[in-house]
Amino acid sequence: MSIGKNIAKYRKAKGLTQNELGERVGVSFQAVSKWENDLSAPDTMNLIQLADVLDTDVEFLATGNHSKIK
């Protein structure tokens, strides 16, 4: 699964809108939309924040593989 699909899956599981996720990470909802549609990818700092907000780990968001379970 792509990084965008992973972000979308976890965002929806948390009941967050793109706008809410963007606010928590400090980006626009348009940036979240681009990530979820694989038109761009979050930078390293955003990826770390996303993993934190979505209660998962960076490796899973980036690759779909878990190195640890939170």
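Biologist: How exposed is D38, going by relative accessible area?
Modeller: D38 has a relative accessible area of 37%, so D38 is partly exposed. Buried means under 20% relative accessible area, exposed means over 50%, and partly exposed is in between (1.4 Å probe, protein chains only).

Biologist: What sort of model is this?
Modeller: This is a predicted model, where local features need pLDDT of at least 70 and side-chain atom pairs count only at pLDDT 80 or more, while totals for chains, interfaces and linings use all residues. Residues are numbered from 1 along each chain as its sequence is written, and side-chain values use heavy atoms, with hydrogens and water left out.

Biologist: Back to D38. Where is its place?
Modeller: D38 sits in the loop between helix 3 and helix 4. Helices (H or I, at least four residues) and strands (E, at least two) are DSSP runs, numbered from the N terminus.

Biologist: What is the phi of D38?
Modeller: Near 55° for D38, which is positive in a residue other than glycine. Most residues other than glycine have a negative phi.

Biologist: And what about the phi of D55?
Modeller: D55 is a residue other than glycine with a positive phi, near 55°. D55 is in the loop between helix 4 and helix 5. With a relative accessible area of 41%, D55 is partly exposed.

Biologist: Let's zoom out. How many helices and strands are there?
Modeller: Five helices and zero strands. The pattern along the sequence is α-α-α-α-α. The radius of gyration is 11 Å, close to the 11 Å from the globule rule for 70 residues, so the chain is as compact as a globular protein of that length. That radius is taken over C-alpha atoms, and the globule rule is 2.2 Å times the number of residues to the power 0.38.

Biologist: What box do the C-alpha atoms fill?
Modeller: Roughly 30 × 20 × 20 Å, along the principal axes.

Biologist: What share of the residues counts as buried?
Modeller: 36% of the 70 residues. The chain exposes about 4,200 Å², and carbon and sulfur atoms supply 51% of that area. The areas come from the Shrake-Rupley method with a 1.4 Å probe; for residues, only the protein chains shown count as cover.

Biologist: Which residues of helix 1 are buried?
Modeller: Helix 1 covers residues 3-13, and its buried residues are I3, G4, N6, I7, A8, Y10 and R11. They pack against helix 2 (18-25), helix 3 (29-36), helix 4 (44-53) and helix 5 (58-63). Contact here means heavy atoms within 4.5 Å.

Biologist: Is K12 buried or exposed?
Modeller: K12 is in helix 1 too. Its relative accessibility is 59%, so K12 counts as exposed. K12 and R24 are twelve residues apart along the chain, with 14 Å between their C-alpha atoms.

Biologist: How many residues are in the largest nonpolar core?
Modeller: 15 residues. I7, L21, V25, W35, L50, L54 and L61 have the most contacts inside that core. Helix 1, helix 2, helix 3, helix 4 and helix 5 each give at least two residues to this core. Such a core is a set of buried Ala, Val, Leu, Ile, Met, Phe, Trp, Tyr and Cys residues joined through side-chain atoms within 4.5 Å.

Biologist: What does W35 touch?
Modeller: Leaving out residues up to four places away in sequence, W35 touches G4, I7, V25, V27, S40, A41, P42, N46 and L50.

Biologist: V27 is on that list. Where is the place of V27?
Modeller: V27 is in the loop between helix 2 and helix 3. At 22% relative accessibility, V27 counts as partly exposed. Under that sequence cut-off of up to four places, V27 touches G22, V32, W35 and N46.

Biologist: How far is K34 from G4 in space?
Modeller: 8.1 Å, C-alpha to C-alpha, for K34 and G4, which are 30 residues apart in sequence. K34 lies in helix 3. Its relative accessible area is 46%, so K34 is partly exposed.

Biologist: Last topic, charge. How many positive and negative side chains are there?
Modeller: 9 positive and 9 negative, with the centres of the two sets 4 Å apart. Lys and Arg count as positive, Asp and Glu as negative; His and the chain ends are not counted. Each charge is placed at NZ of Lys, CZ of Arg, CG of Asp or CD of Glu.
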